[in-house]
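Have the sequence and the 3D view open as you read.

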Amino acid sequence: MDDGVERNTRTIEDSVITDFEDRMTYSGYLQLRTLLSAQHPLSDPEHHDELLFIVQHQTTELWLKLILHELSAACAYLRADELAPALKCIARVKHIQKQITDQWSVLATLTPAEYAQFRDVLGNASGFQSAQYRAVEFTLGNKHAGMLRVFAAEPDNLALVQGALEAPSLYDEFLRLLARAGYDVPEQVLNRDVTKAWSFTPELVPMFTGIYADTAAHWGAYETCEELVDLEDNFQLWRFRHLKTVERIIGYKRGTGGSSGVSFLKRALDLTFFPELYAVRTEIGR
């Protein structure tokens, strides 16, 4: 054998399993036959870039599934007063957020001329109709019962979103934990209608100011506050990258789902999940 070829070839170790007649395989465990056969471009003839568009959004949906999994666990841990594992779940969500934010740079390689050649096959399909995205927003507190109408024709998606609407948000669960720990959380907060979007509650700011004034004495609460701020920062970065990618590809056209497009996305940047955790920063050091 030529020495050059031999040096550039990795020997398969004898212990490596190669017979999978009766064994679990990588492909089988991950259901790759199903996963990799779920991309069905509709353009005719098939446009080269439609696969990019499909994979981008399918991948995001997989990450959203994991975010919901982790946020659900975090809420359960907070209900059980187990702060440490809840923070571990939140930390994982933060890394997932970075992944889905960075993904926008891949979609941004799609030029306006390329997208225009297959955009019509989407019909009225739009990310606005993502049940998992809506459930994530609801779980973080940005609730809107009117959104349920979007999923009326899809019972499974409706159940997912409605469940997130009716459940206490991550912030609700954190505030309830603080109350059980002896912090001064107003009764109207603990007994609020959790199907409503969170709105700024100034009565909470003094409590958070006390936590930030002596972080050593309130480390668990303080660390959680900062983790929640990280979640919101990351979410806003995702929203901004979404907006700029849409602006780059379609300009100021209307969205396929009927929205005003970029203008609609800009208004989302004004939404906040944890306003008191930002308001407290004005009080610190006064």
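## Ground rules

Helices here are DSSP runs of H or I with at least four residues, strands are runs of E with at least two, and both are numbered from the N terminus. What you're looking at is a predicted model, where local features need pLDDT of at least 70 and side-chain atom pairs count only at pLDDT 80 or more, while totals for chains, interfaces and linings use all residues. Residues are numbered from 1 along each chain as its sequence is written, and side-chain values use heavy atoms, with hydrogens and water left out.

Let's start with the backbone. In general, most residues other than glycine have a negative phi, and most peptide bonds are trans.

Q31 isn't a glycine, yet its phi is positive, at about 55°; look for Q31 in the loop between α2 (26-29) and α3 (32-35). Further on, the D44 to P45 peptide bond is cis, with omega near 0°, and P45 belongs to the loop between α3 and α4. Then there's D81, also not a glycine, with a positive phi near 60°.

How far apart are the end C-alpha atoms of α4? They are 44 Å apart, which agrees with the 44 Å that its 30 residues (50-79) should span at 1.5 Å a residue. That expected span is 1.5 Å times one less than the number of residues.

α4 packs with α5 at an angle of about 160°, their axes 8 Å apart. The axes are lines fitted to C-alpha atoms, for helices over the stretch in contact, and angles run from 0 to 180 degrees between N-to-C directions. The two helices are therefore roughly antiparallel; the cut-offs are under 35 degrees for roughly parallel, over 145 for roughly antiparallel, 65 to 115 for roughly perpendicular, and oblique for the rest. Their crossing is left-handed, meaning that the near helix is turned anticlockwise from the far one by less than a right angle (clockwise would be right-handed).

Now for α12 (residues 205-213) and α13, which pack at an angle of about 110° with axes 9 Å apart. That makes α12 roughly perpendicular to α13. The crossing of α12 and α13 is left-handed.

## The cavity

A cavity is a set of points on a 1 Å grid over the protein atoms alone where a 1.4 Å probe fits but can't get out; a pocket is an open set with protein on both sides within 12 Å along at least five of seven lines, and lining residues have an atom within 4 Å of a point. Grid points are joined across faces, edges and corners, and a volume is the space filled by probe spheres set on them.

The whole structure has one cavity of 30 Å³ or more. The largest cavity holds about 70 Å³, and its lining is L64, I67, Q97, I100, Y133, V136, F235 and W238. At least two lining residues come from each of α4, α5 (83-102), α8 (131-139) and α13 (219-250). Seven are nonpolar, one is polar and none is charged. Here nonpolar means Ala, Val, Leu, Ile, Met, Phe, Trp, Tyr, Cys and Pro, charged means Asp, Glu, Lys and Arg, and the others, Gly among them, are polar.

## The second largest pocket

The second largest pocket has a volume of about 290 Å³. Of its 16 lining residues, L68, S72, T139, L160 and A164 lie nearest the centre. α4, α8 and α9 (155-166) each supply at least two, with α4 giving the largest share, six residues. By class, the lining has nine nonpolar, four polar and three charged residues.
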